[in-house]
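Hi everyone, thanks for coming.

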Amino acid sequence: MKTLILAGGLGTRLRPFTFTIPKPLLPIGEKSILELLIEKLRVQGFTDIILSVGYKANMIEAYFGDGKRFGVDISYVHEEERLGTAGPIWLAKKLLFKESDFLLMNGDIYTDISFNKLVEFHLETSAVLTVAIRKHFYQSPYGVIGMDIDSRVIKNIVEKPTQFSLINAGIYVVNTGILHMIYSSSVSHVGMTGLIEMLIERGSRVVGYVFSNVWYAIDDLKNMDDLNKLDNLNKLEIN
């Protein structure tokens with residue numbers, strides 16, 4: 001199965017570093033963000049990779065080349081203008097049209113997810129789109145009060161409770177049957193959230209795969225710092 005990785009973003013939240021280096025090439029430990037992700041894919045047998053590049057694309061292409069030195073085959077599609085995260089799917093249509101399904105992900109992720117289990121789940125559920133989902137825990141800094149709004153009677157109070165929500169992990173398995181939906185320019189500029197909403201509105205089967213493996217979205221300097229402190233950062237075994 002081919003893998004399309006979105007690596008064309010500006011990385012604005014990681015400035016000033018990204019003024020000179022594109023986000024996918026920023027170092028995590030001894031390797032770049034994108035190199036770590038490609039290694040995770042390779043060790044699970046995903047070696048046919050398409051990189052969607054835009055900002056400082058020449059640096060990314062110079063670093064990864066055809067992928068041979070990383071044990072994979074890499075081809076490229078180029079964002080000539082700013083697209084939403086769904087747009088590169090259309091750009092890569094000629095490389096994907098022979099596929100029934102493909103793996104899609106953001107290029108700023110570090111994870112130990114089993115891509116094979118994700119794909120198996122997608123195929124078993126006959127979905128047009130599977131979204132990898134992770135629980136995100138957060139603690140309220142305040143005491144949270146349960147109160148009846150009408151009577152103003154307080155029912156309970158919980159000091160700094162921990163709650164969680166289900167979040168989009170930026171990893172998907174996509175059926176190529178949705179390519180026709182990304183044909184118009186209006187759709188090609190939307191993000192994956194917009195595409196998912198469109199599929200749901202049309203009654204298409206969109207499912208979620210919940211996983212609990214290590215996962216970091218490298219969105220800001222704090223996330224980079226947290227990831228650099230992770231033990232066994234370059235460990236390639238998949239849980």
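Let's begin with a nonpolar surface patch: Ile145, Met147, Ile149, Ile154 and Ile157 form it, and together they have about 500 Å² of accessible area. Patch members have over 30% relative accessible area and no salt bridge, with nonpolar side chains (Val, Leu, Ile, Met, Phe, Trp, Tyr) joined within 5 Å and like charges within 9 Å. A salt bridge is a Lys or Arg side-chain nitrogen within 4 Å of an Asp or Glu carboxyl oxygen, and areas come from the Shrake-Rupley method with a 1.4 Å probe, where for residues only the protein chains shown count as cover.

A quick word on where this comes from: this is a predicted model, where local features need pLDDT of at least 70, side-chain atom pairs count only at pLDDT 80 or more, and totals for chains, interfaces and linings use all residues. Residues are numbered from 1 along each chain as its sequence is written, and side-chain values use heavy atoms, leaving out hydrogens and water.

Back to the patch: strands S9 (143-147) and S10 (154-159) each supply at least two of its residues. Strands (E, at least two residues) and helices (H or I, at least four) are DSSP runs, numbered from the N terminus. Methionine 147 lies in S9.

Now, is aspartate 112 buried or exposed? Aspartate 112 counts as buried, at 8% relative accessibility; buried means under 20%, exposed over 50%, partly exposed in between. You'll find aspartate 112 in the loop between strand S7 (109-111) and helix H5 (115-125).

Finally, S8 (residues 129-139) and S11 run antiparallel, joined by 10 bridges; strands pair if DSSP finds at least two. Arginine 134 stands opposite isoleucine 167 in S11.

Key: Buried means under 20% relative accessible area, exposed over 50%, partly exposed in between (1.4 Å probe, protein chains only).
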